Amino acid sequence: MSRRREVRVGALARVEGEGALRVVVADGSVESAELNIYEPPRFFEAFLRGRAYTEPPDITSRICGICPVAYQTSACNALERICGVELDRPLADLRRLMYCGEWISSHSLHIHLLHIPDFLGYPDAITLATRHRELVEQGLAMKKAGNSLLELLGGRAIHPVNVRLGGFYSVPERTEFATVTELLRRARDYAVNTARRAADFEFPELELDCELLAATDQDRYAIDKGEVHTSTGLRFTAADFTSHVREHQVPHSTALHALLDGARYLTGPLARYTLNHRLLSPIARQVAAEIGLGAECRNPYRSILVRAVEVVYAIDEALTLIDRYERPSRPAVPVEPRPGIGHGVSEAPRGLLYHRYEIDDDGIVRSATIIPPTSQNQAVMEEDLRRVVSGNLDLDDSALTAVCERAIRNYDPCISCSAHFLDVDVVRR
C-alpha cells in the first residue's frame, strides 16, 4: 500500500523573487522535483521591440535591482558589436570597475544576509546579528563599498543611470575615488576574514555531475566579457551561444529552462572558479588555497567559499583599476546605428547572461532575446533537489523542507530575472 505525505510552505525566505517547489515522493523514492516559478512573465523582450537601439541598456537594467549592471553590460556588448564600436581602454576599464562594484555588493548581500545563517543555524540575518554582530556589520560594510562604487560611476546603486552605449554620460575626476578607495581597502580585509570564517563551516558532501559553463577572458578573470567555455573543453563565441544553448518551456514554470547541447549544465560561481581560477589575482589565489579550494569546486554548499574568494578578487581588481585610472578624454565613443544582429555576454554574479538584438536601418530594435543565469540553472537545481531529498527521506516534513530551502539558497537564484521559488510542496504517497 503506497503512502502519501504532503508538506507545504508558504514562501521560501532569503532568495530574490517568488515561486514554489513541488517534490513528489512515491513508495519511498523521489518521483519528481519541480521549481515552480510562478511570477508572471514580464515581457521585456517583447516591449524592447520597436524601441531605439540606444534604449536597451536602460530598459533591461530594470529587470533586476540586484544585478542591473550585468544587464546593461551584456546589452552594450551586443549592440556595440552590431554598430562596430570598440571602447577606448579607459572606458572599458571603467565599465569593468563598475561591474566589480556589482559583484561586491551582490555577493556580500548573499553571503552575509542570506547564506551564512544556514551554516550557523539561524533563521535570518537579524537573529544572526544577535550572536555574530561583527559578521553582519562586515558584510554590510562590504556591500556599502560596492554600492559606493556603483553610485560614483552609475549615478546610483540601483538601476544606474549613467551608462550609455559607447561608455558613460559623464566620467569622474581621479580625486573622486578617494572615499570609495578607503571603503574598498577596509572591505578587502573584511572579505579575507569572511572567507576564512566560512572555511570553518560544515559542508554536506554533494558533487554536481554536470557540464559547467562560463565566460573566459584571455588574461584576467572574466567579468564584463569573454568567450564561452565549458568544463569539457568546448569553446564558442557569444554569436554561437544559441547554437549550443537551447531554451524550452516546462509546464510548471513561467521561466524557460535551458540545455547545453541537450544536457543539463551549470553557470555561476562554481563554473567560473573551476574554469578560470588560475586568472584570479595573487591575493585571491592565496585565499582560495588557504581555505581549501582546489583546482575545481562542484559542491554547491561550498559555493559560499567561491563567492567569498570572488569578493576578494573583485575588490582587489577594483583597487587595481582605480590605481591606474586616468580620466578619459571623452565619456563615450560615438555609436551610430547600422542594421544587423549582435550578441553579448557578461558574468552576472549568478552566472553568464546572454543578450541578442536585431536592429534595422533606422536603429530600431526588431527582436531581442535575453537568457539569464537562473533560467539556465533550473534543470541542475531540480536534479540537485532530487538527490538531496532522496538522501533525506527519513527526515520529518519540517526538517525536509528546511533541507530543500537550504539547497536552493546555494544557487542564489534571482527569480524575477528568470520569470520571462518559493512555496514548498512535498507530496509523499
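The legends below describe close-up views of a predicted model.

**View 1. Packing of helix H7 against helix H10.**
Helix H7 spans residues 178-198 and helix H10 spans residues 282-290. The crossing of the two helices, H7 and H10, is right-handed.

**View 2. Residues at the contact of H7 with H10.**
H7 contributes Arg 188, Val 192, Ala 195 and Arg 196 to the contact. From H10 come Ile 283, Val 287 and Glu 290. Sorted by class, the contact of H7 with H10 holds four nonpolar and three charged residues, with no polar ones.

**View 3. The four-stranded sheet.**
Four strands, in the order E8-E7-E6-E11, make up an open sheet with mixed pairing. Strand E8 (235-236) and strand E11 (265-267) are at the edges. Each has a single partner strand, so one side of E8 and one side of E11 have no neighbour in the sheet.

**View 4. Pairing of strands E6 and E7.**
Strand E6 covers residues 211-216 and strand E7 covers residues 227-230. The two pair in the antiparallel sense, over four bridges. Thr 216 is opposite Glu 227 in E7.

**View 5. Helices H9 and H12 on the sheet.**
Helix H9 (residues 269-276) packs on the sheet and touches E6, E7 and E11. The direction of H9 makes about 70° with that of E6. Helix H12 (residues 373-390) also packs on the sheet, where it touches E6 and E11. The direction of H12 makes about 140° with that of E11.

Note on methods
Residues numbered from 1 in each chain as written. Predicted model: local features only at pLDDT ≥ 70, side-chain atom pairs only at ≥ 80, totals over all residues. Heavy atoms only, no water. Axes fitted to C-alpha atoms, helices over the stretch in contact; angles between N-to-C directions. Left-handed = near helix turned anticlockwise from the far one by under 90°. Contact = heavy atoms within 4.5 Å. Nonpolar A, V, L, I, M, F, W, Y, C, P; charged D, E, K, R; others polar. Pairing = 2+ DSSP bridges.
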